[in-house]
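Thanks for coming, everyone. Let me put the structure on the screen, and then we'll walk through it.

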Amino acid sequence: MERKTKVHAETDKQELVITREFDLPLELLFKAYVEPDIVAQWMGTNVLKLESKKHGSYQFETTDPKGNKHRFNGVIHEFVPNQKITRTFEMENTPLSVQLEFLEFEPLTDDTSQLTMHVVYRSVELRDQILKLPFAQGINMAHNRLQDVVSKLN
Amino acid sequence: MNLRRDVFQAIADPTRRAILLLVASHAMTAGAIAANFDTARPTVSKHLQILTECELLKQEQQGREMIYHLNATKMKEIADFIEPFRQLWDDRFNKLESIMKNYQSKK
């Protein structure tokens, strides 16, 4: 089976690129990044704040299986509907430094679209550390949370 | 699991990564590898030993010289360390896709 989501991470670079083709029209894909209740569903987070505009900011909160809360936040630098979002992303109360994300949304056909997520980290080491997080922990909390949500839906 | 961690430690060093890149093009003797670095020969030997212990390199005796090959299978394991990260995003995006398909049909 072809992998729909691709991660391109070159050795010794402090960035990575995630690409994904969706069986969704461009407008619907973009909406999934803008509507707080939809973001909450697919990210498996509470959306405390989401101001989708230039100079806007956002804050999400997840709860792990032990009941601990983890917050994420960032500032939106560019917001062009159905084209791009440039934003920062930071995990609160962790030593992991803020990262810069360039999200580009493109139409492929009337019914399909592509997202390119270019993420820049503070250092090569930090990027590699974050890449290995799910690997090193064996269990990723966000992932688990997502599994929980999905299994409840089924 | 421990073995994998060792592999990551092995590739965390810039000299060892450079050695892997060199050997990736073709198998080389320890001397030929060392000739590419300013560091002392025993230092390079130490790096070769670590890479061999982690099974990233394979040794083969050829006459008086030891030849080093890249162990492609092991290198693939390193490539695979991105896989859980990719899987995480793939799951999220699959979820996004199914939610939006429902959203669309409700309209």
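One definition before we start: the expected span of a helix is 1.5 Å times one less than its number of residues. And a reminder that this is a predicted model.

Now use that rule on helix H4 of chain B, residues 41-53. H4(B) has 13 residues, so it should span 18 Å. Its end C-alpha atoms are 18 Å apart, which agrees.

Which residues of H4(B) are buried? They are Val44(B), His47(B), Leu48(B) and Leu51(B). These four cover an arc of only 100 degrees around the axis, so they sit on the same side of H4(B). The general rule is that an α-helix has 3.6 residues a turn, so residues three or four places apart point the same way. Turn to the other side of H4(B), and Pro42(B), Gln49(B) and Glu53(B) are exposed. After the helix comes Glu55(B), with a positive phi near 65 degrees.

Next, helix H2 of chain B, residues 14-25. Same test. With 12 residues, H2(B) should span 16 Å; the end C-alpha atoms are 17 Å apart, which agrees. Arg16(B), Ile19(B), Leu20(B) and Val23(B) are its buried residues.

Is Ile33(B) buried or exposed? It has 20 C-beta neighbours inside 10 Å, so it counts as buried. The cut-off for buried is 20 or more. Beyond four places in sequence, Ile33(B) touches Ile19(B), Leu22(B), Val23(B), Met28(B), Val44(B), Leu48(B) and Tyr68(B). Ile19(B) and Val23(B) are among the buried residues of H2(B). Val44(B) and Leu48(B) are among those of H4(B). Leu48(B) is 15 residues along the chain from Ile33(B), and their C-alpha atoms are separated by 9.2 Å.

Over to chain A. It has 154 residues, of which 19% count as buried. There are 4 helices and 8 strands. In sequence order, the pattern is β-β-α-α-β-β-β-β-β-β-α-α. Among contacts with a separation of 6 or more, 37% join residues 24 or more positions apart.

Take one strand residue. Met117(A) is in strand S8, residues 113-120. It has 18 C-beta neighbours inside 10 Å, so it counts as partly exposed. Leaving out residues up to four places away, it touches Val17(A), Ile18(A), Glu101(A) and Leu103(A). Glu101(A) is 16 residues away in sequence, yet 6.7 Å away in space, C-alpha to C-alpha.

Now the cores. The largest nonpolar core has 17 residues, and Leu29(A), Ala32(A) and Met100(B) have the most contacts inside it. H1(A) supplies the largest share, 4 residues. Beyond four places in sequence, Leu29(A) touches Phe22(A), Leu24(A), Phe105(A), Ser113(A), Leu115(A) and Met100(B). There is also a second, separate core of 14 residues, including Ala10(B), Ile19(B), Leu56(B) and Leu57(B).

Stay with H2(A) for a moment. Val39(A), Gln41(A), Trp42(A) and Met43(A) are buried there. What do they pack against? Strands S3 (46-50) and S4 of chain A, together with H6 of chain B. Just after H2(A), Gly44(A) has a positive phi of about 70 degrees.

That brings us to the contact between the chains. It takes 26 residues from chain A and 19 from chain B. On the chain B side, H6(B) gives the most, with 16 residues. By class, that side has 11 nonpolar, 7 charged and 1 polar.

Last, confidence. The model scores ipTM 0.82 and pTM 0.67. Chain B has a mean pLDDT of 83, and 89% of its residues reach 70 or more. Where does pLDDT stay under 50 in chain B? Over residues 1-5, for which the model has 1 contact beyond four places in sequence.

That's it from me. Over to you.

Conventions
Residues are numbered from 1 along each chain as its sequence is written. Chains are lettered from A and ligands numbered from 1 in the order in which they are written. This is a predicted model: local features need pLDDT of at least 70, side-chain atom pairs count only at pLDDT 80 or more; totals for chains, interfaces and linings use all residues. Helices (H or I, at least four residues) and strands (E, at least two) are DSSP runs, numbered from the N terminus. A residue is buried if 20 or more other C-beta atoms lie within 10 Å of its own, exposed if 12 or fewer, and partly exposed in between; C-beta atoms are placed from the backbone. Two residues are in contact if their C-beta atoms, placed from the backbone, lie within 7 Å. A nonpolar core is a set of buried Ala, Val, Leu, Ile, Met, Phe, Trp, Tyr and Cys residues joined through C-beta atoms within 7 Å. pLDDT is the predictor's confidence in each residue, from 0 to 100. Ala, Val, Leu, Ile, Met, Phe, Trp, Tyr, Cys and Pro count as nonpolar, Asp, Glu, Lys and Arg as charged, and the others, Gly among them, as polar. The arc is that of the directions from the helix axis to the C-beta atoms.
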